[in-house]
Amino acid sequence: MDLITMDDLTNDESISLLEDAMKLMPVARGLTHLPLLEGKVLGNLFFENSTRTRLSFETAMKRLGGEVLNLSEVGSSVKKGETLYDTMQMIEGYADIAVIRHPRQGAAQYAADAVEIPILNAGDGAGNHPTQTLLDLFTIRQGHGTIEGLRVVLVGDLRYGRTVHSLSRALSRFGASLTLVSPESLMMPQEIVRDLKSDGCDVSETSDLISTLPSADVVYMTRIQRERFPDEAEYEKVAGIYTLNSQDLTSSHSNMMIMHPLPRVNEIHASIDSTSHAWYFKQAFNGVPTRMALLCRSLGVQIPEVIN
Amino acid sequence: MDLITMDDLTNDESISLLEDAMKLMPVARGLTHLPLLEGKVLGNLFFENSTRTRLSFETAMKRLGGEVLNLSEVGSSVKKGETLYDTMQMIEGYADIAVIRHPRQGAAQYAADAVEIPILNAGDGAGNHPTQTLLDLFTIRQGHGTIEGLRVVLVGDLRYGRTVHSLSRALSRFGASLTLVSPESLMMPQEIVRDLKSDGCDVSETSDLISTLPSADVVYMTRIQRERFPDEAEYEKVAGIYTLNSQDLTSSHSNMMIMHPLPRVNEIHASIDSTSHAWYFKQAFNGVPTRMALLCRSLGVQIPEVIN
Amino acid sequence: MDLITMDDLTNDESISLLEDAMKLMPVARGLTHLPLLEGKVLGNLFFENSTRTRLSFETAMKRLGGEVLNLSEVGSSVKKGETLYDTMQMIEGYADIAVIRHPRQGAAQYAADAVEIPILNAGDGAGNHPTQTLLDLFTIRQGHGTIEGLRVVLVGDLRYGRTVHSLSRALSRFGASLTLVSPESLMMPQEIVRDLKSDGCDVSETSDLISTLPSADVVYMTRIQRERFPDEAEYEKVAGIYTLNSQDLTSSHSNMMIMHPLPRVNEIHASIDSTSHAWYFKQAFNGVPTRMALLCRSLGVQIPEVIN
């Protein structure tokens, strides 16, 4: 099973993965040693920088007894002009499954078409990042018990941010309402907004973050990523436009969750870290159990009903 | 046991390694988990870029239950001016066996002389690359059942290409006939041709690739490597001189094998990939079982007669 | 248990660690497979280059059956402006224990305060490097059976060298006498000398290495590290000032030990390598058993009384 976009999963399949992930929590925390993937090899192909995604896949595989091959552009044949097709043929010979992050949109699908081993998209340029969406959904369910009926505020770069593109569609499918907060130059692409609405999602757009806080169940902050901007001047205009500190949260529900795919630069002030609103570090950790569930599913390995 | 050049192995020892490699195929494919090297540590020392060689050694070790330490020039003490002698003393303390790739000819032998753990040469400048030769021999036997009596065409940079130097001597020893195809500036060094002939090998030289195709059993293409040329202008004259596409193969035997150590740039057109002539991806995979066999041999670990 | 400076350990605790390390020698050498740390994950965080320290922690963990995540500044979110606090929160989610090397003094303590998993300082700028001190003490005990009453000569950059700062205090606590050899511009900071003396340590200072050799039990050479100097010209004045070759040792005791944290540049001539004075390569290896002992201690894993 490949995972290139969230559209590769039905709602039931997504929920089933999240339930597997919940079962795997003691393994993810290192409390239980469960070598379900012993003898399996994961190719971790990162043609673009990453820390959390790469390391959480690596931890997920290793805590399940599997092995990891790391390949980055540094020190590889990609520099000698090798095509992605040829690189994938090689990896298919050396690994049982591969994760790929690539700066070019569509690269993960191309890689999946080139080989028969399962391919998991870990971000393809401005395209998709479905494993981030899975861990985000997992985290919201952890905090609120459900996704249906929640009001989720997505904040920041909604134009170039692949994370919020995947996430908004998934939240819509699970019955959340969405508030989209961005400066005019970074609004959510209108075809996505149109799709969300035609799916029956309650969507509103604004550039004012503070006004959305009293009714929010989840505030999903994002970093405005310099590397996605075609023009540096355009970046400078909007850098640092949305920030939250603990004083901004006085009107919020006590169980309002603040999330962030990390790394943050200054979007969330450290004064929030010690509040009950801070979910972003738990969210980063949740990459481990969700990716464990996905690795097992893709490799056809059954997760035991009860894990002690 | 060190492996620095193919001369370190008798024909019988080579054949025995290839037979071990054949037995290990299910382990190399990940179909069987056989932790023969559990508790062993491989030092993977790459002072020059590599992808296939590094990763296939890593996969070989890990699929056999062993551990791998990766060391490259980036982020290491080599930058602080450490000698290879001192680096090897360190590695001997941390690993049970080491693979070394180094830009300087003779470096692998130097490393082997410096320590007592087994050293496997993974390419030393324009010198040798014996594990590539082993996997090439394995692949030819896989395709034709034997090496004796085959007509093998070696194509491209025969002057600087360490791969074809090692391979031509080995093919000669196993009774193949050789056709050497290169531009004048990249001909096989005359002392090697002389040695081949005095070994009784049937060797011919030409610059015309197409004329060799009807009678070839194996066509071994190579990349003309920019990094081996002392002079950029000399490189530009011959870059891209030999290419094959599926239409060139109409006169070939149906079981003619096209091989390439990879990465290819444009030597072999993608139209060949789906033909029965395309052996280069299988060849890359074959690095795993052959290097498994070699790791076991060098570490004194017996391979079971029957592997299920 | 964190280890940030040697002050975190009482003398008894240090000795107990060194005794554990001695028991673990057959495991460190790869003669015995003892997977005491199976299922555990070590985060190896190197924000500054290292070879021996990184690799010996990696070998220590792997020979004990544990797993390692490597994180360096290259290819990580640190480049995207992530704070050390946030990086540590992430690592706490992915690993059971972490080793950190960082160019900034105080960084290891900061990291330890940020998370609950054990943190081991592998060098923080001009600050501390306690695991180097442990392996140095282990090596001296291996050579002389004790530390008490020995005359240890510390040579080279005593001003910026964190290794000799940690080591001098520890040697003093264990009853060694110290001779400090450096050029005037690189003398041991006077507050450290004062502390050593007020501890009752017999300390003398000189710039003449040769005169110290007849009475020395241990000569601890260090590299004068270009990267620690604020000013290149100041470095050039003292580079290469202290060197030893085998002829300098004619007046020394036969069991005088020469040590060096490595890499050496030209401080110790190769003619010494084959003499009984050469302990620096054993010292590098000793990083494995001492770090094994420390990993077990920090993770609360008991070492068996008898290891075969």
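## Chain A: helices, strands and size

Chain A has 11 helices and nine strands. Helices (H or I, at least four residues) and strands (E, at least two) are DSSP runs, numbered from the N terminus. The radius of gyration of chain A is 19 Å, close to the 19 Å that the globule rule gives for 308 residues, so chain A is as compact as a globular protein of that length. The radius is taken over C-alpha atoms, and the rule is 2.2 Å times the number of residues to the power 0.38. Along its principal axes, the C-alpha trace of chain A spans about 55 × 50 × 40 Å.

This is a predicted model: local features need pLDDT of at least 70, side-chain atom pairs count only at pLDDT 80 or more, and totals for chains, interfaces and linings use all residues. Residues are numbered from 1 along each chain as its sequence is written, while chains are lettered from A and ligands numbered from 1 in the order in which they are written.

## Inside chain A

Of the 308 residues of chain A, 53% count as buried. Buried means that 20 or more other C-beta atoms, placed from the backbone, lie within 10 Å of the residue's own.

Now take contacts in chain A between residues at least 6 apart in sequence. Of these, 75% join residues at least 24 apart. Two residues are in contact if their C-beta atoms, placed from the backbone, lie within 7 Å.

## Where chain A meets chain B

On chain A, 21 residues are in contact with 21 residues of chain B. Strand 2 (67-72) and helix 4 (84-94) of chain A each supply at least two residues of the side that touches chain B. Helix 4 gives the most, with five residues.

By class, this side of chain A has six nonpolar, seven polar and eight charged residues. Asp, Glu, Lys and Arg count as charged; Ala, Val, Leu, Ile, Met, Phe, Trp, Tyr, Cys and Pro as nonpolar; the others, Gly among them, as polar.

## A sheet in chain B

Five strands of chain B form an open sheet in the order 7-6-5-8-9, with parallel pairing. Two strands pair if DSSP finds at least two bridges between them. Strand 7 (203-206) and strand 9 (257-259) are the edge strands, and each pairs on one side only.

Three bridges join strand 8 (residues 218-221) of chain B to strand 9. B:Tyr220 has B:Met259 in strand 9 as its bridge partner.

## Chains B and C

Chain C can be laid on chain B with an RMSD of 0.0 Å by a turn of 120° and a shift of 0.1 Å along the axis. The two copies are thus related as by a three-fold rotation axis. Superposition is by least squares on the C-alpha atoms of residues with pLDDT of at least 70 in both.

Methods. Buried ≥ 20, exposed ≤ 12 C-beta atoms within 10 Å, placed from the backbone.
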